Amino acid sequence: MYRKKVLTSLAAAATFSMLLSACANQAGPGTTESSGSSSKVNIPSISKVDVPSGAVKPAGDGKATCPATTTLAYAGAQTGPNAQLGVNIFNGIQLAIDQHNKANPGCQVQFKKFDTEGDPNKATGPVTQMVSEPDILGVVGLPFSGESKATGNIFEQKGLVHITPSATNPTLTENGWTTFFRGLGNDAVQGPAAAKFLTGKIGAKKVYLVQDDSDYGIGLGTSTSAGLGSALAGTEKVTTGQKDFSAVISKIMNAKADAVFYAGYYAEGAPFDQQLVSKGFNGTFVGPDGVKDDQFIKQAGDASNNAYFTCPCIPGELITDFATAYKDVSKGAEPGTYSIEGYDAATVLLSGIDAGKQSRADLLSWVKSYDKDGLSKHYKWDAKGELQAPTVYGYKVDNGKIVPIGPIGE
Amino acid sequence: MLPSLVPLLPTENDWITFDIPSLIQNFWSATFDGLTFGAIYALVALGYTLVYGVLNLINFAHSEVFIVGCYAVFFTLSSLGFGPSAPRLDIWAIILNLLLALVLAMLASAVTAFLLERIAYKPLRQRNAPRLVFLITAIGASFTIQYLIYLWRGPSPELALTMFRPTPIFDVFGTIVDSQQLVIIIAAVIMMVGIDRFISKSRTGRGIRAVAQDPDTATLMGVNKERIIITTFVIGGLLAGAAALFYVMKIPSGVQYSGGFVLGIKAFAAAVLGGIGNVRGALLGGLLLGLIGNYGQILLGNSQWTDVVAFVVLVLVLLLRPEGILGTSLGRSKA
């Protein structure tokens, strides 16, 4: 009988709370729709990109020979909160290796994957294991800046060449490593381009900069805030794994910012944007390459409609041949962010193996002196391992899909 | 605009900066968010406090009782079509769905608490195990449940659930109080008042207090101790399940195998802050801890300070009042 009483009071409380949310919700749908679409700046999307005509393909001339043990490897996230960015890359690598092996019966290159979960603290184990396998001649990875910083020395000690398809922290090439090559523009390029995009095409007057605590987020945050100048309304930090952003959001709302730039990854970026829109923010959300993924839309839901992205990556989905072939490897998924960069990086290494560079030292000097077009851009590195002519693209969310809007920051 | 924020840039060497203008500017929004979190902490804290009052046991697995409730909310609502986007349902359908999720979450958490008591603690009690063994068992049970969920659902958080888009209700000094904050605070406070009355007025409540005060005499007086223990665990579970719904409402992407751990520690701290074993103490401690953490976070400019500030205050309070703010135990409180 008394137990009934407690249940009754709990039920009463519950009912009351629901009624309250009811009153609240009555006004809901109308306001949501108006804030969702009204203030978004409309920048048209592009539908094609130019592919260099002489781009090197993984297939080569079909006459390559190599030992059956020849192996290329991928190290990076396969699981973990930002796994999708890794999946995009190794599917691109897998495609390059498949095409190569199909065309070259005399040279069947093996492919091995090592999972770092994208976590700098976990990356050293798998990478140490990887460099100690003598059959591995070259590596595509690591995708993220923090884990790249943590493992660069391990590659250096064993003279194992690795091309990162996506790590953009500028300081990575300042470590004196001779085995590290970056297959895209770094954040010293992306940050200023993002700043220009925000104040130019987006037309933001007050930009709130939010950065996470990763090497990537901190580096990109610094280079972006320098470019924003007086349009910077404030800076805020979040933590990897953070779930609640209410304090950050109230600062943004009180500062009356009309755009937010989030320097970090989608694992925090998606719930952040979702909570931001829930709190009534109707400005623009701009995220960098670490946020630009379909997972962002999936996790943020309709809140993602306010989002734009900057990325030193080429929209691989617009290159028809590549996109069609990619879907066979990825079981139907479109190429994602950095799929084509992973494919190109693997192609650089494969063409070296085909040219007879079948030891670690030979393959390393092959990459050093490489000077050819890839599918996404021209690949030629300077002495530090930076590419010479990187481009930054803009993207937007349109009807639940990420579509490119062309090069930005020029 | 906000010159005080400039020192936050990573090039600066100061690692602690007091951002007072920002605290003043954001004071009221920090207050309402803090109260919202505090209400959730308090509901979970009640579970710690009740079990501690009756068994002198810190049930560290209570955070997993809570996270099971979160998963129940997640599965109920996602099977009803809720997702990261705002639901396209009419209000009454949303209310019905949320009520269903609430009931199922409370049930799931209560069943977890019940099983936990039967499987992990009862055998120890029958063997008169020392208290340290109970404590280790509680920690072990916490990890067991946590990693069972990990094996089942993996390391990534579940998809976010938007239950409804919060709408502004009224203004306090220019700060908007939205429907979500109001729902959580009011519902949680009503539940806590209900529990407080239940413990002090009802026959079962009297039984709980009797067992807390002196289990042997209570048994001699005809109180069924085993039943009281089970009831206590189940009440704690029911409240944790309700907290789970509010938690997912507040933090839509918070459903993750490890998601209860830190919240559990904070709820436990809230119980200690208010005076463990004291029902009103849990309420007060929860709300205070929520507020302090949120103010600290804004004052120091980084979310990682939330926990640091909350626990520093906890230690300071305990230095002055080792029994917690309200200090009395469950048994003596209103006997």
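Modeller: Domain bounds come from an automatic or database domain assignment. For chain A, that assignment gives domain 1 (71-186 + 316-379) and domain 2 (188-311 + 393-407). This is a predicted model, in which local features need pLDDT of at least 70 and side-chain atom pairs count only at pLDDT 80 or more, whereas totals for chains, interfaces and linings use all residues. Residues are numbered from 1 along each chain as its sequence is written, chains are lettered from A and ligands numbered from 1 in the order in which they are written, and side-chain values use heavy atoms, with hydrogens and water left out.

Colleague: How do you know that domain 1 and domain 2 of chain A are in contact?

Modeller: Contact means heavy atoms within 4.5 Å. By that criterion, 20 residues of domain 1 of chain A touch 19 residues of domain 2 of chain A. The C-alpha centres of these two domains are 27 Å apart.

Colleague: What makes a space in the structure a cavity?

Modeller: On a 1 Å grid over the protein atoms alone, a cavity is a set of points where a 1.4 Å probe fits but cannot get out, and lining residues have an atom within 4 Å of a point. Grid points are joined across faces, edges and corners, and a volume is the space filled by probe spheres set on the points. The structure has three cavities of 30 Å³ or more.

Colleague: Which residues line the second largest cavity, and which domains of chain A do they come from?

Modeller: This cavity has a volume of about 70 Å³. Among its lining residues are A:Leu85, A:Phe144, A:Tyr216, A:Asp289 and A:Tyr338. Domain 1 and domain 2 of chain A each supply at least three residues of the lining.

Colleague: How is that lining divided by class?

Modeller: Ala, Val, Leu, Ile, Met, Phe, Trp, Tyr, Cys and Pro count as nonpolar, Asp, Glu, Lys and Arg as charged, and the others, Gly among them, as polar. The lining of the second largest cavity accordingly has seven nonpolar, four polar and one charged.

Colleague: What surrounds the largest cavity?

Modeller: The largest cavity has a volume of about 170 Å³. Of the 17 residues that line it, the closest to its centre are A:Gln275, A:Ser278, B:Gln180, B:Met249 and B:Lys250. Helices (H or I, at least four residues) and strands (E, at least two) are DSSP runs, numbered from the N terminus. Two or more lining residues come from each of helix H8 (246-254) and helix H9 (266-278) of chain A and helix H9 (225-250) of chain B. The largest share, three residues, belongs to H9(A). By class, this lining has seven nonpolar, six polar and four charged residues.

Colleague: Why is H8(A) called mostly covered?

Modeller: Buried means under 20% relative accessible area, exposed over 50%, and partly exposed in between (1.4 Å probe, protein chains only). In H8(A), seven of nine residues are buried, including A:Val248, A:Ile249 and A:Lys251. Over chain A, 60% of the 410 residues count as buried.

Colleague: How do you know that the radius of gyration of chain B agrees with that of a compact globule?

Modeller: The radius of gyration is taken over C-alpha atoms, and the globule rule is 2.2 Å times the number of residues to the power 0.38. For 335 residues the rule gives a value near 20 Å, and chain B has 21 Å, which agrees. In chain B, 58% of the residues are buried.

Technical notes: On a 1 Å grid over the protein atoms alone, a cavity is a set of points where a 1.4 Å probe fits but cannot get out, and a pocket is an open set with protein on both sides within 12 Å along at least five of seven lines; lining residues have an atom within 4 Å of a point.
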